[in-house]
Amino acid sequence: SSHFKPNMTQEEYTGDEVLIEEVPNGKSAFDHSKDKAKDFSYYYAHQPESTKGFPPEAKVREEDPLTRADGCGPKALDEQKEVVMDNVRWLSTMSFSDDGKVVKVYIDFPEEIKDAKITCEFERFGVELIARLPSGRLYGVRVKDAEGWVLEHERKNGWAHEIVPENCKHRVSSSSPKITLTLAKKDEKEKWYELRKKDIRSTF
């Protein structure tokens with residue numbers, strides 16, 4: 001049988017049927033194998049399916065970038081920072097009046113807010129309003145039911161009665177640092193004698 005010698009080139013070592021070839025200068029084993037054997041190359045056969053047909057130095061993106069695109073083009077970065085609730089100065093003093101089908105809630109602020117950015121979200125028994133001043137200072141008003149109630153008599157801290165969130169609105173006063181909330185009653189005939197629902201147990 002034949003034996004492999006250090007200076008063998010283009011000769012077949014028949015003992016284990018291994019073909020020893022000298023790779024031309026300047027070419028990788030991958031390129032040489034591909035040139036000679038095409039798609040039957042050892043390197044080709046052992047390439048991942050997603051990278052076949054590309055040289056080894058090519059960068060293959062595994063994920064289709066279109067899966068992350070919405071087709072609407074480039075987006076401008078939002079320059080507004082998220083509100084950090086720990087930085088909000090919460091206001092709790094409010095007055096109100098029952099105006100028939102609606103209830104008006106008046107909130108006074110300690111400084112001018114006409115240039116503030118206002119976000120306001122109403123719920124059936126509450127509201128969360130955040131005023132971001134140009135200086136970066138934050139004021140907020142939050143009315144929310146205590147969690148865990150099931151029956152009406154267990155409810156506390158929210159509005160005295162249910163409202164219709166989509167019909168409610170807020171308005172910033174042009175002459176004073178005040179915001180008025182207009183609460184649309186669910187039961188338009190129900191009279192509001194208090195603004196917030198109290199814990200019934202506290203009256204005993």
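Strands β3 and β8 pair in the parallel sense over three bridges; strands are DSSP runs of E with at least two residues, numbered from the N terminus, and two strands pair if DSSP finds at least two bridges between them. The model is predicted: local features need pLDDT of at least 70, side-chain atom pairs count only at pLDDT 80 or more, and totals for chains, interfaces and linings use all residues. Residues are numbered from 1 along each chain as its sequence is written, and side-chain values use heavy atoms, with hydrogens and water left out.

Valine 88 has leucine 138 in β8 as its bridge partner. The open sheet is formed by four strands in the order β3-β8-β7-β6, with mixed pairing. Its edge strands, β3 (88–90) and β6, each pair on one side only.

The structure holds one aromatic pair (rings of Phe, Tyr and Trp, the last by its six-membered ring, with centres within 6.5 Å; planes under 30 degrees apart count as stacked, over 60 as edge-to-face and the rest as tilted). The ring centres of phenylalanine 109 and tyrosine 139 are 6.1 Å apart and the planes stand at 85°, so the pair is edge-to-face. The two residues lie 30 residues apart and link distant parts of the chain.
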